[in-house]
Amino acid sequence: MALTQRLEFRQSQSLVMTPQLMQAIKLLQLSNLDLSTFVEDELERNPLLERASDGTEPAVAGEAGPERAEYTDHAHDDSFTAGQDGAGDFSERSGGDQFDAPAPDEWMNRELGSRAEIEQTLDTGLENVFSEEPSEAAARNAQDSAPTAYTEWGGGASSDDSYNLEAFVAAEITLGSHLAEQLSVAFTSPALRMIGQYLIDLVDEAGYLPPDLGGVGERLGASVQDVETVIAVLQKFDPPGVCARGLSECLAIQLREQNRYDPAMQALVEHLDLLAKRDIGNLRKICGVDDEDLADMIGEIRRLDPKPGLKFGSARTQTVVPDVYVRPGPDGGWHVELNSDTLPRVLVNQVYYSELSKSIRKDGDKSYFTDCLQNATWLVRALDQRARTILKVATEIVRQQDGFFTQGVAYLRPLNLKAVADAIQMHESTVSRVTANKYMATNRGSFELKYFFTASIASADGGEAHSAEAVRHHIKQLIDAENPAVILSDDTIVERLREAGIDIARRTVAKYREAMRIPSSVQRRRDKQSMLGNALNARAASPERTADRSRDITPA
């Protein structure tokens, strides 16, 4: 077989990941906060990008004027009848454009006329207008000249444009600053104060110190005894229980503060693991008390604060801003719309580019602004395509899960990415990127878009499959409604679900139960029996029953 060389032409298609395409894919999976940050960076980087409100839409302050003027005109039209002569003049004055106020010099130079002319102009006598005596006028002038506002006394905010209401808001007190204030008066020695400040910096937001503090003395060049002395003083600071090295120590500090740390309570605090397991029998033996005293001790433990540091400077909960709103429609359907507040509005400044292209002479500058124009145009298109894709996916989700919006979680259908992708003729990866970090506000709350994609669980009678989320909801309903005397085991829950037409295995029930943080049947039995016993003890110790028992007792 001879080897020869020859030229051939072959035509093929391939998908090339251009930088613009990679950027569009990246924008799809960004949340609204990340997208705002990305657009802000692009606005700073690209001189041809501008916000949609800059020069294209009237500013907010400019819109408020016509609205107030229109409202004022309507108000005056309603309050004045057409037969009054002053109605037309008042409407013109409210507009602010046709009313020319006299200059100050004109007011001073204008002649008032005689007394009769003034009374005729005012339509009343001068004694009704200027009725106060000279002494009363002097007193009124003195009162008017006195400072009436806090700013006039030399304090407060100024009355100019630099007035800031946030300057009057008190700063949030953090746990570290609160402890540092107490530290400054607790120690006079600079060395001990330095150790205390170092330990305060190690306190976490819950108010706990690290359990291992052996290396603190070596880092600071202090003895272990000095470190323990400072820790003992820090544990007496407010709030009670702060600077503890564990839960048991935190509870013990609070009990000592209340003078309730007796030997029985000490034994209970040292065996919190048994308390978590509801092992009442062993706790009763260890503490050496009866059931009633043990119940009172457990009640005192529950009233303590396991995380005292959260009272100061706790992290603020960020509210989820939905990307899509779903509202009931007038025809019985659902109206899906995007949240315009989460969509960045940017435009390409073509006017600025045309002016620059006329004055630029260097090739490097021309290529730079040409690239900026292409990037800006592509970004605007990518943002528009992102919004359209989100709306298309959300609309299909609402159509597929109509039962959820109408009747609740129990009617959530099994749904996967492929079903939505085939319905809107897109790839599954695109749908996956769209549903990441996006939220939908509905009549039943705000949910992540991925919440509506659940696994399928077969039906026991061969009918329509059930959604995994609906099955979890059914399991929770069964456990919440169980009788404290008859606790449902996982096997019993499986039988109940099969009676409802849900074919599920016992290990799946256990997995769903643990995912919802529901304890086992043994633990639930202990908890509910303990709650029932506490309720009976509280009822027996009520003042009415105590008074009844005192009336039944007869003197010997």
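Modeller: Two strands are said to pair if DSSP finds at least two bridges between them. Strands themselves (E, at least two residues) and helices (H or I, at least four) are DSSP runs, numbered from the N terminus. The model is predicted, so local features need pLDDT of at least 70 and side-chain atom pairs count only at pLDDT 80 or more, while totals for chains, interfaces and linings use all residues. Residues are numbered from 1 along each chain as its sequence is written, and side-chain values use heavy atoms, with hydrogens and water left out.

A hairpin joins S5 to S6 through two residues. These two strands run antiparallel and are joined by four bridges; Tyr-439 stands opposite Glu-448 in S6. On the other pairing of S5, strand S2 (residues 324–328) and S5 (residues 439–442) pair in the parallel sense over two bridges, with Val-324 opposite Met-440 in S5. Strands of a sheet pair through backbone hydrogen bonds, either parallel or antiparallel.

Put together, the open sheet has four strands in the order S3-S2-S5-S6, and the pairing is mixed. Its edge strands, S3 (334–338) and S6 (445–448), each pair on one side only. From one strand to the next the twist averages 25°. Such angles run from 0 to 180 degrees between N-to-C directions, and axes are lines fitted to C-alpha atoms, for helices over the stretch in contact.

Helix H19 packs on this sheet, touching S2, S3 and S5, and its direction makes about 160° with that of S3. Contact means heavy atoms within 4.5 Å.

H19 (363–400) also has a part in covering the buried residues of helix H21, as does helix H22 (428–434). Buried means under 20% relative accessible area, exposed over 50%, and partly exposed in between (1.4 Å probe, protein chains only). In H21 (residues 417–424) the buried residues are Val-420, Ala-421 and Ile-424. Seen down the axis of H21, they fall within an arc of 100°, so they line one face of the helix; the arc is that of the directions from the helix axis to the C-beta atoms. After H21 comes Gln-425, whose phi is positive, near 60°.
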